[in-house]
Amino acid sequence: MYVDPHDPKARLFLHYGDLSDGARLVTLLAEIKPDEVYNLAAQSHVRVSFDEPEHTADTTGVGTIRLLEAVRMSGIETKFYQASSSEMFGATPPPQNEDTPFYPRSPYGAAKVYSYWITKNYREAYGMYAVNGILFNHESPRRGETFVTRKITRAVAAIKAGKQDLLYMGNLDAVRDWGYAAEYVEGMWRMLQADEPDDFVLATGGNYTVRDFLQISFEHAGLNWENHVRFDERYLRPTEVDALVGDASKAQDKLGWKASVHTPELARIMVDADIQALKHAGNHWIDSVNLDSWKN
Ligand code: F7E
């Protein structure tokens, strides 16, 4: 939790920096000398990457080499984690694991493939402790409001409270393997504690459609999703990733990591959290639901 830096209990210190500014990254790393660097920064919305492909390539792709170069140039000893993504598998059918070929289907997926390979290259070329965590969709009540899970659970809370009636959605047939972000963050940390740097898939192995997520979420609030969900083609992507279902057995064998929260429980956690959040925020919260719902 963030506390004022003057407080003796302060343990989290924030610094300004941007992945488009390589010189700043070098200065920051030389100053902080971190033991571990987690590159979670990106333009991470797949639909938005079709609208802003160049910006996505710059942050999600080239940003990674700026950070790797900053580690190298500052001469510090640090372990490096790259947030690789199941989106890299794209059109290659499930189940997907570390040996599955990549076939990205978006500017975002293509940029992540670049970052994956450049991370591996720095490991091999310079002996850096650099790893790729290939994470399948991981969600929580903190998920951005324009990703499908949170969009659904926020709408469920608003509909339940009688403040919204309809929810506009795109492709309900897409299959995803949605896990709980808190568990995945522990998996990321475990990757950096291993004896040797390596690449790992983190996933639950579950297989649910967007329609399933709707059904579970609405049902948890005592609602029938079919009465409230309508189609809007603006949420379709020019090329879709039809099915992502991960096989995380390597992470289980080598890191002792296994997901325990599966998609139905995750949906219920998120619905409960949004019902609570709505009670606290009242009408202000609803305004932002309506503003957000057109743009994702
Ligand atoms: O879409 C479908 C949509 O935007 C999931 C990012 O964290 O995970 C995420 O990427 C599915 C897609 O996530 C709506 O077409 C239907 O098939 O929640 P999403 P994503 O594209 O899977 C990966 C692992 C990442 O790395 C990414 O950074 O849901 N869908 N209707 C919709 N999606 C959205 N957003 N909104 C809709 O109305």
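**Note on the predicted model**

1. P95 is located in the loop between β2 and α4; helices (H or I, at least four residues) and strands (E, at least two) are DSSP runs, numbered from the N terminus. The peptide bond that leads from P94 to P95 is cis, its omega being near -5°. K33 is not a glycine, yet has a positive phi of about 50°. For reference, most residues other than glycine have a negative phi, and most peptide bonds are trans.

2. The model is predicted: local features need pLDDT of at least 70, side-chain atom pairs count only at pLDDT 80 or more, and totals for chains, interfaces and linings use all residues. Residues are numbered from 1 along each chain as its sequence is written, and side-chain values use heavy atoms, with hydrogens and water left out.

3. The chain contains 10 helices and 10 strands. Its radius of gyration (taken over C-alpha atoms) is 20 Å, close to the 19 Å given for 296 residues by the globule rule (2.2 Å times the number of residues to the power 0.38), so the chain is as compact as a globular protein of that length.

4. An open sheet is formed by four strands in the order β1-β2-β3-β8, with parallel pairing; two strands pair if DSSP finds at least two bridges between them. At the edges are β1 (36-39) and β8 (200-202), each pairing on one side only. On average, neighbouring strands of this sheet are turned by 25° against each other, direction ignored. Axes are lines fitted to C-alpha atoms, for helices over the stretch in contact, and angles run from 0 to 180 degrees between N-to-C directions.

5. Strand β3 (residues 130-135) and β8 run parallel and are joined by three bridges, and G133 stands opposite F200 in β8. Helix α4 (residues 107-126) packs on the sheet, touching β2 (79-85) and β3 (contact means heavy atoms within 4.5 Å); the direction of α4 makes about 150° with that of β3. Helix α6 (residues 181-193) also packs on the sheet, where it touches β1, β2, β3 and β8, and its direction makes about 135° with that of β1.

6. The second largest pocket holds about 160 Å³ of space. On a 1 Å grid over the protein atoms alone, a pocket is an open set of points where a 1.4 Å probe fits, with protein on both sides within 12 Å along at least five of seven lines; grid points are joined across faces, edges and corners, and a volume is the space filled by probe spheres set on the points. Among its lining residues (an atom within 4 Å of a point) are R72, E77, K79 and Y126.
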